[in-house]
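Colleague: I am new to this structure and would like to learn how to read one part of it. Could you take me through a strand and its surroundings?

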Amino acid sequence: MSLWKRISSHADCEARMAAYYDEKGLFDLRLCLAAWIEDRIMSEQITPNSAEQLERVALKFNEDLQQKLLSTRTASDQALKYRVVELCTQIQRTSALELYTHLRGGLQKELQLATEKSVATPGPSMPLSPYNMNNPTAAMVAAGGGVGVGGGYMDSSELMSVQPALGGGLGVIHNAVGANGGGNVTPIGMATAKVELYEIEHQILQYFNDFSTCGNSLKMLVQNYSYMLNSTGSPNAEEAFKCLMTEKAAIVTTLCRSYLCYEPLQELIIGELNNWRRQQALAGNGAPFNESTLDQIQRCFELLESFIGHLLAAVKETLRVHIVNDEPELNNLLERVRSAQKNLVCAAFIVDKQPPQVMKTNTRFAASVRWLIGSQLGIHNNPPTIECIIMSENQANRFVTRGTQMDSTLAGQSSGEIQNCSSTMEYQQNNHIFSASFRNMQLKKIKRAEKKGTESVMDEKFALFFYATTTVNDYQIRVWTLSLPVVVIVHGNQEPQSWATITWDNAFADIVREPFMITDRVTWAQLSVALNTKFGSSTQRALTRDNLDFLYEKLQRDERSEYITWNQFCKEPLPDRPFTFWEWFFAIMKLTKDHLMGMWKASCIMGFINKVKAQDDLMRSATGIGTFLLRFSDSELGGVTIAYVNEYGSVTMLSPWTARDFQILNLADRIRDLNMLRWLHPSDTNAVPQERDRAFGEFYSPRTEPTPGYVRSTLHVQVRNTIGDNGSIIGTPQHPIPSPPQDSSMSMGNFDDSDSDDSSVADALERYVAGTSPDDPIFHQIRATIMSAMM
């Protein structure tokens, strides 16, 4: 149920808000696009904090609003078309900034009124502040909408597909951010979901009980009707007929009132289910997900099914009391109740365990579907078999948007061959779960569409299509549902780009869409949340604000913009690089997950920092020579490098190490071998440098004694110094060398002459002495060292 529906249920609240919107002539707009306005404004993930930013946001809102109105003009309802034309004219008379701020202010007032009236407002509240980039749980902000697609429902007489609502509700998280950007994150939608569902369940029971009171009246009506039919010659027949008319009219009024109470509750519960699906999609990117909410939603579905079933039976029973020839009101109610029941049953058929969204051929995978009606219709007594096929984007689009009939030829429409693609539903008495599990499916073949332009197989989306047919009380029920989008690959090297497609879709899909349309640009605020979610879930530590600022700079091109396009994200190579941003980001994420996770979680790796800033930070460090940090390589995919202050007070960058290197010797052991690394520069500006062994000691491999009778051999990392002609090795020192007095705060590093040529050491020192004054006391000390080395 939308916020406006909740406000309009209180006459005083509705009157106050109507007066507010009429100040700018926006009341009709608020009514016509109530749900869209709420979703659009409440889903904004960053609050404008300057006049310039506010104007940009307002202009974008105005642009989206006009597009929405233009798309609404294609409706078949002529009255709606004329109304939309009037609204288009109205918004053109109002400045974008004025329109946006007035609508936004109106929503804030509505939320306040809803609180005052104790009206539970589901889903998001208004964005109060920017997201908290430093908090790992802040990576749950929903930008866009759900992608779950509900199924169809046909009976034997109509054989028509009924398409339920697509997509999902919106779950937005916010945090109260202080002056320093910190604060606690509260998942608004999730925190209130349990309470709201409990309230909804209570309300369903209350309305159902109110409706049940008419049962005795209906029974009396039927008895009186039967009596009247058997006593047509009675002198009181006319009076009995009038009484019967009055009784029936009262019952019809009660039935209509009960349906009006029922309808918004069904809408609300389906919205909660779609919101659950939305969270399920975000969980595909690693966001936290409370799956157990589905049990509460099922309880509400079961109550609604019982409610609408009894209501349908009561309407049919009332129609049997045939007093007049034409009863349009009652017949209309019958059709509405039937339609509501069909939509409820269809919407309850969902994919509760999604298949892998990057699916490799000839690889086993699992999925499961669940029917949230439990035992209400008795289908569990003769459980149906669920079939599964794979559909391309075009096939799914045709089926959903054009209402393609589901018939026996559906299996021939598959875009591939799936083994073990059928499963019989099972009912678990203890928890009322009615589901079908596919534990051993395998995609053997895939049929691909022709590619256009720069499209690749990693951009092509498919979905698993689950469907079933069963019979209940002479009605043939056919239900279906689609999984989240999947990308099919045949080689492991296709995985990175495939995950780009899935990550973008999970994060930014619109709430209602044609499968599987997706925007080609999003704001940096939206993308940063998606990247933080993905990286944080894979590596178990979220990105910092500095990390995200670095990623933002990396994504920018010549013309800076708050929007990031799909091409910038994963199609266009980074400047002067042969790879894209996503390829670089994904390789780092994989390296960190596979080889660096412990050190990343312990904040030993700074990671996302460029060369210039790394050098500047190290040069400013109070610990001076031997201070080092670890950063991800800009030039090599999946590489990590060490930058350190060398013995001369300048910064040296080591060549990057990759996963292949760490399979031989892990990063911590490599750092232990390099004695010129003394102090770890902190990744947090509020922290202090740590002594190397204190920072990395827990990650060192234990050194074991050799087996008796054998001499132990070990691998050691050494770094070649570039001072000498032939280069020398530094790392594990053996003979200390006096330090040249370049700076009172610096000391010269130690040379390891165990593997180097003595003449190279002598040559290096000789050249150094050549620039030293004979009057300097250190001159003779170094000269003696040179002579000793040459002997």
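Modeller: The turns below go from the whole protein to one strand, then to its neighbours. Keep in mind that this is a predicted model.

Colleague: How many helices and strands does the protein have?

Modeller: There are 24 helices and 22 strands. Of the 791 residues, 51% are buried. The accessible surface is about 37200 Å², and carbon and sulfur atoms account for 49% of that surface. Among contacts between residues at least 6 apart in sequence, 70% join residues at least 24 apart.

Colleague: Now to the single strand. How do I read the two sides of a strand?

Modeller: In a regular strand, side chains alternate between the two faces of the sheet. Strand 17, residues 640-645, can be read that way. Val640, Ile642 and Tyr644 lie on one side, and Thr641, Ala643 and Val645 lie on the other.

Colleague: Which strands pair with strand 17?

Modeller: Strand 16, residues 627-632, pairs with strand 17 in the antiparallel sense over five bridges. In that pairing Phe632 is opposite Val640. Strand 18, residues 651-653, also pairs with strand 17 in the antiparallel sense, over three bridges. Here Ala643 is opposite Met653.

Colleague: What should I look for in the hairpin of strand 17 and strand 18?

Modeller: Look at the link between the strands, which has five residues. Within this hairpin, Gly649 takes a positive phi near 85°.

Colleague: In what order do the strands of the sheet come?

Modeller: The order is 18-17-16-19-20, five strands in an open sheet with mixed pairing. Strand 18 and strand 20 (690-691) are the edge strands, each pairing on one side only.

Colleague: Where does the parallel pairing come in?

Modeller: Strand 16 and strand 19, residues 679-680, run parallel and are joined by two bridges. Phe628 has Leu680 in strand 19 as its bridge partner.

Colleague: Which helix packs on this sheet?

Modeller: Helix 18, residues 581-601, packs on the sheet and touches strand 16 and strand 17. The direction of helix 18 makes about 150° with that of strand 16.

Terms used
Residues are numbered from 1 along each chain as its sequence is written. This is a predicted model: local features need pLDDT of at least 70, side-chain atom pairs count only at pLDDT 80 or more; totals for chains, interfaces and linings use all residues. Side-chain values use heavy atoms; hydrogens and water are left out. Buried means under 20% relative accessible area, exposed over 50%, partly exposed in between (1.4 Å probe, protein chains only). Helices (H or I, at least four residues) and strands (E, at least two) are DSSP runs, numbered from the N terminus. Two strands pair if DSSP finds at least two bridges between them. Contact means heavy atoms within 4.5 Å. Axes are lines fitted to C-alpha atoms, for helices over the stretch in contact, and angles run from 0 to 180 degrees between N-to-C directions. Accessible areas come from the Shrake-Rupley method with a 1.4 Å probe; for residues, only the protein chains shown count as cover.
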